[in-house]
Amino acid sequence: LAAAAVDGIHFKGLEAKEFEEVKVLTIAKYLQSYIGRFKPDITITLGSGLGYLGKKIQPIKAFASFGFGELPFMQIPSEKIPGHDRSLKFGTLAGKNVAGLQGRCHPYEGLTLNATVRLMRALRVLGAEVMIITNATGAIPENFKVGDIVTHEGALNLLGESVLTGPTFGSGPRFPSIAKINDPELLKIARIAADKAGLKLHEGGFCVENMGPEYENDGLIKLFEKIGVTNV
């Protein structure tokens, strides 16, 4: 692997401590062998209740859909989580080249944080510059109703670990800022789209990254409400 290269994806003599990067690049190499020159511009992670959107992606070719378990170095828990098919489809949606993830894996299933984001990192290697992450969450404010959409300014990490722990990938910064992690232009597009669709959109929410899988008790909910958390 240290000397291999495929269509611009290079394995750069990585040391053993950087084996996670080798795993990511191997997944990217595997996928590129099927999708060729197709470049996904957007990665869409479809959370609970939104998996149906994956059926609307027009595949680029017959071999453009993958179960997570087919991919090298992907750890797939045996237990099925409702609404998470754990499959990947390359194609077009609304005129954009996309990689659609129908469901995902979670740390509470016994995976490391690196394992849960391995596929997203591989898609970034393949060219995806935008990531849209969706999920169904509990809401704290009383004016939030079922079916409302919330855009988040950020998250309170209570996992006790960062996904950036370990060697820096490529030329990425060692200490990146996540103060403004969401792109203002994308938030503007979300606002316009919600208005056109007649959907209620709450902006500027703050969510919590909890390990789970248990739900929060009343004490935690009251604490989160006091510090400005909108979704858990």
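Which residues line the second largest pocket?

Mentor: The model is predicted, so local features need pLDDT of at least 70 and side-chain atom pairs count only at pLDDT 80 or more, while totals for chains, interfaces and linings use all residues. Residues are numbered from 1 along each chain as its sequence is written, and side-chain values use heavy atoms, with hydrogens and water left out.

The lining of the second largest pocket consists of Thr151, His152, Glu153, Ala179, Lys180, Ile181, Asn182, Pro184, Leu187, Glu203 and Gly204. A pocket here is an open set of points on a 1 Å grid over the protein atoms alone, where a 1.4 Å probe fits and protein lies on both sides within 12 Å along at least five of seven lines; lining residues have an atom within 4 Å of a point. The space in this pocket is about 150 Å³, a volume being the space filled by probe spheres set on the points, which are joined across faces, edges and corners. Strand S9 (149-157), helix H3 (184-197) and strand S10 (201-209) each give at least two lining residues; S9 has the largest share, with three residues. These elements are DSSP runs numbered from the N terminus, helices being H or I of at least four residues and strands E of at least two. By class, the lining has four nonpolar, four polar and three charged residues. Ala, Val, Leu, Ile, Met, Phe, Trp, Tyr, Cys and Pro count as nonpolar, Asp, Glu, Lys and Arg as charged, and the others, Gly among them, as polar.

Beyond its neighbours within four places in sequence, Leu123 is in contact (heavy atoms within 4.5 Å) with Leu31, Thr43, Leu88, Phe90, Ala99, Leu101 and Ala128.

Thr43 sits in strand S3 (residues 42-46). At 1% relative accessibility Thr43 is buried; buried means under 20% relative accessible area, exposed over 50% and partly exposed in between, with a 1.4 Å probe and protein chains only. The partners of Thr43 beyond four places in sequence are Ala99, Leu101, Leu123, Ala128, Val130, Met131 and Ile132.

Last, the rings. Tyr30, Tyr34, Phe38, Phe66 and Phe90 are linked by ring pairs into a cluster. Rings of Phe, Tyr and Trp (its six-membered ring) pair if their centres lie within 6.5 Å; planes under 30 degrees apart count as stacked, over 60 as edge-to-face and the rest as tilted. This rule gives six aromatic pairs. Tyr34 and Phe66 are edge-to-face because their ring planes stand at 75°, with centres 5.4 Å apart. That pair joins helix H1 (residues 19-35), which holds Tyr34, to strand S5 (residues 65-67), which holds Phe66, 32 residues apart. Phe66 is buried at 4% relative accessible area, whereas Tyr34 is partly exposed at 32%. Phe66 also pairs with Phe90: the centres are 6.1 Å apart and the planes at 85°, so this pair is edge-to-face. Phe90 lies in strand S6 (residues 87-93) and Phe66 in S5, so the pair ties together parts 24 residues apart in sequence. Phe90 is buried, with a relative accessible area of 0%.
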